[in-house]
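Keep the 3D view open as you read.

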Amino acid sequence: MAAKKTVIAFDLYGTMLSTESIAHELAKLYGEDKAKPLATLWRQYQLEYTWRINSMGEYKSFSEITRNALRHAVAEHGLSLSAQDADALVRSYDALHVFPEIPSALQRLEENSGSVEAYVFSNGTDEMVGNSVRTSPDLGPRAGAFRALVTVHSLKCFKPDRRVYSHLVERVGKQGEANDVWVVSANPFDVVGARAAGLQAAFIDRAGQGWVDRLDEQRTPSVIAAGVDEAIKSILKE
């Protein structure tokens with residue numbers, strides 16, 4: 001009988017791909033001084049919109065939410081944004097840079113391919129996530145490290161809705177065995193959502209602050225790691 005593989009699902013935006021790296025594109029339009037604050041605010045509203053629309057029981061695709069969050073961030077800074085520039089900035093999500101440790105994390109996955117079954121698990125649409133992975137200079141050449149891209153679009157809801165984690169468990173063939181599925185994320189809401197749904201979760205703590213989220217003292221990370229490569233190493237030791 002083949003050895004049981006460890007199932008690990010990696011969040012994409014903010015965990016493997018740096019949404020702050022989009023500041024380079026924003027700087028072309030608004031200057032270096034405004035680029036980083038705009039990138040941060042864009043990401044803030046992108047996430048906030050997903051939570052708000054979840055609570056409303058409605059749905060817009062992550063692509064549409066990303067575009068609307070950009071318009072909100074630009075307006076809050078008192079700046080203008082043409083439709084053409086908005087299109088170009090949203091397309092730049094297809095060329096986000098990875099965090100520094102991701103190449104070594106991908107190498108670790110390849111070295112342990114016999115014992116790890118890896119997935120990308122994202123709020124994005126199939127098209128958006130597929131483009132982001134395929135066109136990334138770092139992820140694209142090693143996209144084969146992932147068995148599949150698991151998105152929430154068919155469910156019409158976002159993380160941390162419990163349904164998205166049940167969907168992940170089903171997609172990886174672990175119905176009734178949620179505790180055997182790992183989610184790796186730098187987003188505390190994703191970690192708490194995974195734990196609430198019965199999955200294991202590794203929190204990527206690049207800021208080095210430890211686990212400071214206090215929504216639920218019982219739903220804490222199974223593993224805390226400084227980077228994705230370290231998280232993989234820790235998970236394989238469990």
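## The sheet

Six strands make up an open sheet, ordered S5-S4-S1-S6-S7-S8, with parallel pairing. Strands, like helices, are DSSP runs numbered from the N terminus (strands E, at least two residues; helices H or I, at least four), and two strands pair if DSSP finds at least two bridges between them. At the edges stand S5 (146-151) and S8 (223-225); each has a single partner strand, so one side of each has no neighbour in the sheet. From one strand to the next, the twist averages 25°.

This is a predicted model, in which local features need pLDDT of at least 70 and side-chain atom pairs count only at pLDDT 80 or more, while totals for chains, interfaces and linings use all residues. Residues are numbered from 1 along each chain as its sequence is written, and side-chain values use heavy atoms, leaving out hydrogens and water.

Now look at S6 (residues 181-185), where five of five residues are buried (under 20% relative accessible area with a 1.4 Å probe, protein chains only; exposed is over 50%, and partly exposed lies in between). Val181, Val183 and Ser185 point one way from the strand, while Trp182 and Val184 point the other way. In a regular strand, side chains alternate between the two faces of the sheet.

S6 runs parallel to S1 (residues 6-10), joined to this strand by four bridges, and Val7 stands opposite Val181. Four bridges also join S6 to S7 (residues 200-204), again in parallel. Here Val183 stands opposite Ala201, and Val184 has Ala202 as its bridge partner. The chain gets from S6 to S7 through helix H8 (residues 188-196), in a right-handed β-α-β crossover: with the strands pointing away from the viewer, the path from the first strand over the helix to the second runs clockwise.

## The enclosed space

The structure has one cavity of 30 Å³ or more. A cavity is a set of points on a 1 Å grid over the protein atoms alone where a 1.4 Å probe fits but cannot get out; lining residues have an atom within 4 Å of a point. Grid points are joined across faces, edges and corners, and volume is the space filled by probe spheres set on the points.

The largest cavity holds about 70 Å³ of space. Its lining includes Asp11, Tyr13, Arg43, Ser122, Lys159, Asn187 and Asp190. Helix H2 (32-56) and H8 are the elements that give two or more residues to this lining.

How values were computed:
Axes fitted to C-alpha atoms, helices over the stretch in contact; angles between N-to-C directions. 1 Å grid on protein atoms, 1.4 Å probe; cavity = no way out; pocket = protein on both sides within 12 Å on 5 of 7 lines; lining within 4 Å.
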